[in-house]
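Please view the sequence and the model together while reading the points below.

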Amino acid sequence: TDAPATTQAPTEAAPEPVAVGDVTIEYLRAEKYAPFENGESILVYCKFTNNGTEETSAYKTLYLTAKCGDQTVQEISYLEKDRPEGMNDYAQNIAPGESIEIFYTLDYVDGVVDVTIQDLYNTIPEKLEFSVDASAL
């Protein structure tokens, strides 16, 4: 079978990595993912680094919100046959001092999506904020 189509965003000035508690999150890139007709999404790739003393995962420590104007952009999931490879890496436990590339899957909207990644319980003021121009993907 053919691999689903992905389109990568043009190179843009990425924000600096941000330490959020015992982890660091860095925005890498965004891609449009289309495993089937009318099944488009935005894959937001980040580098997750565990700076703590115990194993942890992005799933256990971080929370993503996204908006396009006033509209909330939802995280979405696919049936197993349509999932992009690595979709569940964000839940993988990472040893102290190790890093992994993860991605979040957002519903596709034609416009600029403002993304915020912060600690899961919103108790740490540091957060990663950036924008993705989905129409350029």
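The structure is a predicted model. Its largest nonpolar core has 31 residues, and four of its strands form an open antiparallel sheet.

**Nonpolar cores**
- Within the largest core, the residues with the most contacts are I25, I42, F48, L62, L106 and I117.
- At least two residues of this core come from each of the strands β2 (18–20), β3 (23–34), β4 (41–50), β5 (62–68), β7 (99–107), β8 (112–119) and β9 (128–133).
- When neighbours within four places in sequence are left aside, the contacts of I25 include V18, V20, F48, L62, I102, I117 and L128.

**The open sheet**
- The strand order of this sheet is β6-β5-β8-β9, with antiparallel pairing.
- The edges are taken by β6 (71–72) and β9; each has a single partner strand, so one side of each lacks a neighbour in the sheet.
- Strands β5 and β6 run antiparallel and are joined by two bridges.
- K67 has T72 in β6 as its bridge partner.

**The surface patch**
- Y63, L120 and Y121 make a nonpolar surface patch of about 340 Å².
- Y63 lies in strand β5.
- Y63 counts as partly exposed because its relative accessibility is 41%, a value between the limits of 20% for buried and 50% for exposed.

Definitions and conventions: Residues numbered from 1 in each chain as written. Predicted model: local features only at pLDDT ≥ 70, side-chain atom pairs only at ≥ 80, totals over all residues. Heavy atoms only, no water. Core = buried A, V, L, I, M, F, W, Y, C linked by side-chain atoms within 4.5 Å. Buried < 20%, exposed > 50% of the residue type's maximum accessible area, 1.4 Å probe, protein only. Contact = heavy atoms within 4.5 Å. Patch = residues over 30% accessible without salt bridge, like charges linked within 9 Å, V, L, I, M, F, W, Y side chains within 5 Å. Areas by Shrake-Rupley, 256 points an atom, 1.4 Å probe, with all protein chains shown as cover. Salt bridge = Lys/Arg side-chain N within 4 Å of Asp/Glu carboxyl O. Pairing = 2+ DSSP bridges.
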